[in-house]
Amino acid sequence: MKIIFLDIDGVLNSETYEASRNEECGDGYIDLSRVKLLADIVNTTGAKIVLTSSLRIEWEKDSERCDRDGKYINQCLDRYGLSIMDKTPFTSFFAERRKEILSWISNHRSEVESFVILDDMNYGWGELSGRVVITDPLSYGLEEEH
């Protein structure tokens, strides 16, 4: 199976979006135009989404166990027919995201055909660097060029 390891902040939102959103009109912190681009990738590749964002502590496979942010993430993705398959393990806020992704891959080795990482930070990805797409959190996050 193909996997998209997904960060949220800086990928599905940006400082540009944050400056323009209207909370009084119900605009949330996820830019739905970026979710549409993610849906285009998923629909083209058939990839499954694994959440790597720090917001993953708010998300559970059982949607009833999600807190407010987890439910919000699900609602935003569901607008474009997307869902999260799983999340990487959370060890601490100071853990290396690279190690968390490698741990997930190790636990699902026989299932993973290929993968890509969508993130806005260059965490020192090491051996994963060829599979990382770095978005610009200052402009729009995920863009068509990605």
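Are Phe5 and Trp104 buried or exposed? Select both: Phe5 is buried, and Trp104 is buried too. Buried means under 20% relative accessible area, exposed over 50%, and partly exposed in between, with a 1.4 Å probe and protein chains only.

The model is predicted: local features need pLDDT of at least 70, side-chain atom pairs count only at pLDDT 80 or more, and totals for chains, interfaces and linings use all residues. Residues are numbered from 1 along each chain as its sequence is written, and side-chain values use heavy atoms, with hydrogens and water left out.

**Aromatic pairs**

Keep Phe5 and Trp104 selected. Their ring centres are 5.5 Å apart and their planes stand at 85°, so the pair is edge-to-face. Rings of Phe, Tyr and Trp (its six-membered ring) pair if their centres lie within 6.5 Å; planes under 30 degrees apart count as stacked, over 60 as edge-to-face and the rest as tilted. Phe5 belongs to strand S1 and Trp104 to helix H4 (residues 97-107), so the pair ties together parts 99 residues apart in sequence. Helices (H or I, at least four residues) and strands (E, at least two) are DSSP runs, numbered from the N terminus.

Then show Arg131: its charged end sits over the ring of Phe115, 4.4 Å from the centre. For this, NZ of Lys or CZ of Arg must be within 6 Å of the ring centre and within 35 degrees of the ring normal.

**The largest core**

Next select Leu6, Ile8, Leu12, Ile30, Leu38, Leu77 and Leu82, the residues with the most contacts inside the largest nonpolar core, which has 25 residues. Such a core is a set of buried Ala, Val, Leu, Ile, Met, Phe, Trp, Tyr and Cys residues joined through side-chain atoms within 4.5 Å. Strand S1 (2-6), helix H2 (32-45), strand S2 (48-51) and helix H3 (68-78) each supply at least two of its residues. The largest share, five residues, comes from H2.

**Helix H3**

Which residues of H3 are buried? Select Asp69, Gly70, Tyr72, Ile73, Cys76 and Leu77. They cover an arc of only 160° around the axis, which puts them on the same side of H3; the arc is that of the directions from the helix axis to the C-beta atoms. Their cover includes H2 and strand S3 (84-87), where contact means heavy atoms within 4.5 Å.
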